[in-house]
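Here is a short tour for anyone who likes to look at a fold element by element. Have a look at the model first, and then we can walk through some of its details together.

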Amino acid sequence: MRALVVDHSDAGPVRFADVDEPVPSTGEALVEIRHIGLNFGELNYVRQWPAGAVHGHDAAGVVVRAASDGSGPPEGTRVAVGMASHAWAERVAVSPASLGTVPEGVDLADAAALGIAGVTAFRVLRKRSLLARNVLVTGASGGVGHFAVQLAALAGARVTALVGSPERAAGLRELGADRVLTDLAETGDRFDLVLDTVGGPLVAQAWSSLAEGGTIHLVGYSSGQETTFPPGALFGFGEPRSIATYGDMTPTSGELTDLLGLMAAGRLSALIGLRGDWQDVGNAVQALFARKVRGKVVLDVA
């Protein structure tokens with residue numbers, strides 16, 4: 001079968017290859033993949049994976065063989081695959097712990113957009129009550145960002161979305177942002193929670209805008225820049241502030257189910273900024289790296 005595998009050459013980060021058919025264990029379902037969801041991190045930091053391995057974590061498709069131990073969804077079920085391994089192939093063996101059943105009325109392509117981005121935003125934002133809290137989402141037009149804006153607004157937060165340019169601000173107010181900024185200096189607000197996908201100098205800026213008891217959650221570093229804090233910046237009186245890292249790779253089935261339920265109810269949408277055939281994965285990767293995509297990249301598996 002055909003799959004996208006890790007390529008460490010200059011032609012990478014992925015290439016097509018013929019690979020062996022997956023052989024599910026007793027606790028795995030065999031899923032025929034219809035769409036794959038691309039993420040900046042797994043492509044930009046591809047050398048963290050071995051060359052030649054089937055790549056990718058997010059996808060959506062249909063169960064063609066249920067797990068033989070009786071766990072998980074039955075044959076014919078439409079499913080989202082989230083944070084699984086080796087997902088960018090025509091067929092994948094997946095544990096039910098990484099599957100969410102896609103309700104009627106939810107497009108499989110939208111389900112493929114959830115995975116890492118949706119689950120990351122969901123897990124960070126539910127760590128504390130957000131009702132009437134000030135929440136800052138950096139990189140708000142990206143994959144994690146556009147889900148975070150919606151979920152924070154649903155939770156009752158006052159949401160500030162920070163983007164890199166005015167062109168990337170489109171549609172964020174409609175998703176629930178109370179304000180959309182291109183420079184954090186434009187506001188004097190203090191934030192109770194910051195979900196940061198950018199890293200670099202912006203983290204130090206966000207720290208200076210953090211309210212007492214607030215937390216910055218670092219979920220990405222797309223800027224690739226270092227963070228430097230001025231002398232004395234990490235000292236302060238009052239309720240402690242904190243910076244938290246994120247790297248939760250625990251099973252995603254529960255969160256996928258919740259997110260898909262919100263989609264089915266019309267309360268959450270997937271912003272797919274680029275949709276195409278997986279044969280055009282090279283152009284899709286270039287567009288993602290060039291910051292030309294708002295939201296997610298979803299490719300159809302022919």
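Which residues of helix α8 (residues 281-289) are buried?

## Helix α8 and its surroundings

They are Val281, Ala284, Val285, Ala287 and Leu288, where buried means under 20% relative accessible area, exposed over 50%, and partly exposed in between (1.4 Å probe, protein chains only). Viewed down the axis of α8, these buried residues fall within an arc of 160°, so they line one face of the helix; the arc is that of the directions from the helix axis to the C-beta atoms. An α-helix has 3.6 residues a turn, so residues three or four places apart point the same way. On the other side of α8 you will find Asn283 and Gln286, which are exposed.

What covers the buried residues of α8? The cover includes the strands β1 (2-6), β2 (14-18), β3 (29-38), β14 (272-277) and β15 (296-300), as well as helix α1 (40-44), with contact meaning heavy atoms within 4.5 Å. After α8 comes Arg291, whose phi is positive, near 60°.

## How to read the model

This is a predicted model, in which local features need pLDDT of at least 70 and side-chain atom pairs count only at pLDDT 80 or more, while totals for chains, interfaces and linings use all residues. Residues are numbered from 1 along each chain as its sequence is written, and side-chain values use heavy atoms, with hydrogens and water left out.

## The chain as a whole

The secondary structure comes to 8 helices and 15 strands; helices (H or I, at least four residues) and strands (E, at least two) are DSSP runs, numbered from the N terminus. The C-alpha trace spans about 60 × 40 × 30 Å along its principal axes. For 302 residues, a compact globule would have a radius of gyration near 19 Å, and the chain agrees with its 19 Å. That radius is taken over C-alpha atoms, and the globule rule is 2.2 Å times the number of residues to the power 0.38.

Of the 302 residues, 50% count as buried. The accessible surface comes to about 13100 Å², and 50% of it belongs to carbon and sulfur atoms; the areas come from the Shrake-Rupley method with a 1.4 Å probe, and for residues only the protein chains shown count as cover. Among contacts between residues at least 6 apart in sequence, 67% join residues at least 24 apart.

Thr77 sits in the loop between β4 (58-65) and β5 (78-81). Is Thr77 buried or exposed? Thr77 is buried, at a relative accessible area of 13%. Its side chain reaches the backbone oxygen of Pro74 at 2.7 Å. This is a polar contact, that is, a pair of N or O atoms within 3.5 Å; within protein, one must be able to donate a hydrogen and the other to accept it, and residues adjacent in sequence count only if both atoms are side-chain atoms. Leaving aside neighbours within four places in sequence, Thr77 is in contact with Gly61, Val62, Val63 and Thr101.

Glu32 belongs to strand β3 and is partly exposed, at 29% relative accessibility. The side chains of Glu32 and Arg34 are joined by a polar contact of 3.1 Å. Not counting residues up to four places away in sequence, Glu32 touches Ala60, Gly61, Val62, Val64, Glu90 and Arg91.

## Salt bridges

How many salt bridges are there? The count comes to 9, a salt bridge being a side-chain nitrogen of Lys or Arg within 4 Å of a carboxyl oxygen of Asp or Glu. One of them pairs Asp248 with Arg123, with the closest N and O atoms 3.2 Å apart. This pair links distant parts of the chain, 125 residues apart: Asp248 is in the loop between β13 (242-245) and α7 (253-264), and Arg123 is in helix α3 (residues 115-125). Asp248 is partly exposed at 27%, whereas Arg123 is buried at 5%.

Arg126 and Glu255 form another salt bridge, at 2.9 Å between the closest N and O atoms. Here Arg126 lies in the loop between α3 and β8 (134-138), and Glu255 in helix α7, 129 residues apart. Glu255 is buried, with a relative accessible area of 8%.

In a further salt bridge, the side chains of Asp300 and Arg275 meet at 2.7 Å, N to O. Asp300 is in strand β15 and Arg275 in strand β14, 25 residues apart. Both are partly exposed: Asp300 at 23% and Arg275 at 47%. Salt bridges that share partners join Arg123, Arg126, Asp248 and Glu255 into one network.
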